[in-house]
Amino acid sequence: MTTTERATSNVASSLRRLYFFRFGFAVLWAIALAVIAATLPTLAATVVVLLVLYPVVDLAAAVWDHRSSRDTRPARALVVNMVLSLLAAIGLGIAAVSGSPAVLVVWGAWAITAGAVQLVLAVARRRMGGQWPMILSGGISVLAGAGFVSQGLHGGTGLTSLAGYAVLGGVFFLVSALRLRRAASL
């Protein structure tokens with residue numbers, strides 16, 4: 001096995017674990033948000049914590065990815081993702097004071113930009129395998145983000161739609177993790 005193949009295998013193995021984690025977190029987060037947001041009439045503190053938690057976990061995942069894929073990573077894109085996730089967490093905390101429409105706009109802006117970064121990362125990693133679900137997920141995130149921005153700008157208040165977005169993203173992480181099995185076992 002060459003050094004390049006070994007590095008690819010190590011990155012694929014790490015990404016596989018990360019993607020399985022992201023799937024599990026997304027599903028649990030979505031269930032919690034759907035249950036809590038549907039039962040509370042306003043942006044309660046619990047909902048705000050959940051909203052801020054999602055980009056914080058995305059930030060932590062980008063750090064994990066950055067550290068585990070040193071030799072093969074597209075470093076700039078991962079750093080951009082970290083910055084976007086941090087700004088999204090801060091922005092969501094601030095937007096929560098203004099209400100659900102503002103939260104949807106901030107979440108949508110983050111989904112657009114993070115989806116574009118995910119698309120760039122997945123295209124850069126496509127030779128590794130298992131990245132087509134991430135490419136699709138990045139593109140869908142951009143489109144969904146535009147929908148959230150539009151919904152928020154038109155006074156929408158339905159935060160439970162964010163749960164569906166998280167579950168769909170989680171499913172793409174699961175499919176990608178399963179597809180990375182061959183690259184991780186080299």
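Modeller: Accessible areas here come from the Shrake-Rupley method with a 1.4 Å probe, and for residues only the protein chains shown count as cover. On that basis the protein chain exposes about 9000 Å², of which carbon and sulfur atoms supply 68%. This is a predicted model, in which local features need pLDDT of at least 70 and side-chain atom pairs count only at pLDDT 80 or more, while totals for chains, interfaces and linings use all residues. Residues are numbered from 1 along each chain as its sequence is written, and side-chain values use heavy atoms, with hydrogens and water left out.

Biologist: How many helices and strands does the protein chain have?

Modeller: The protein chain has seven helices and zero strands. Helices (H or I, at least four residues) and strands (E, at least two) are DSSP runs, numbered from the N terminus.

Biologist: Why is the pair of W107 and Y165 called edge-to-face?

Modeller: Rings of Phe, Tyr and Trp (its six-membered ring) pair if their centres lie within 6.5 Å; planes under 30 degrees apart count as stacked, over 60 as edge-to-face and the rest as tilted. The centres of W107 and Y165 are 6.3 Å apart and the planes stand at 80°, so the pair is edge-to-face. W107 lies in helix α4 (residues 100-124) and Y165 in helix α6 (residues 160-179), 58 residues apart. The structure holds 11 aromatic pairs, and ring pairs join W107 and Y165 to a cluster that includes W29, Y54 and F148.

Biologist: Are W107 and Y165 buried or exposed?

Modeller: Both are buried, a term for under 20% relative accessible area, with exposed over 50% and partly exposed in between (1.4 Å probe, protein chains only). Of the 186 residues of the protein chain, 46% count as buried.

Biologist: What makes I31 partly exposed?

Modeller: I31 has a relative accessible area of 49% and is therefore partly exposed.

Biologist: Which residues touch the most other members of the largest nonpolar core?

Modeller: A nonpolar core is a set of buried Ala, Val, Leu, Ile, Met, Phe, Trp, Tyr and Cys residues joined through side-chain atoms within 4.5 Å. Of the 36 residues in the largest one, W29, L33, L51, W107 and L162 touch the most other members. Apart from this core lies another, of 14 residues, among them V11, A61, M134 and A177.
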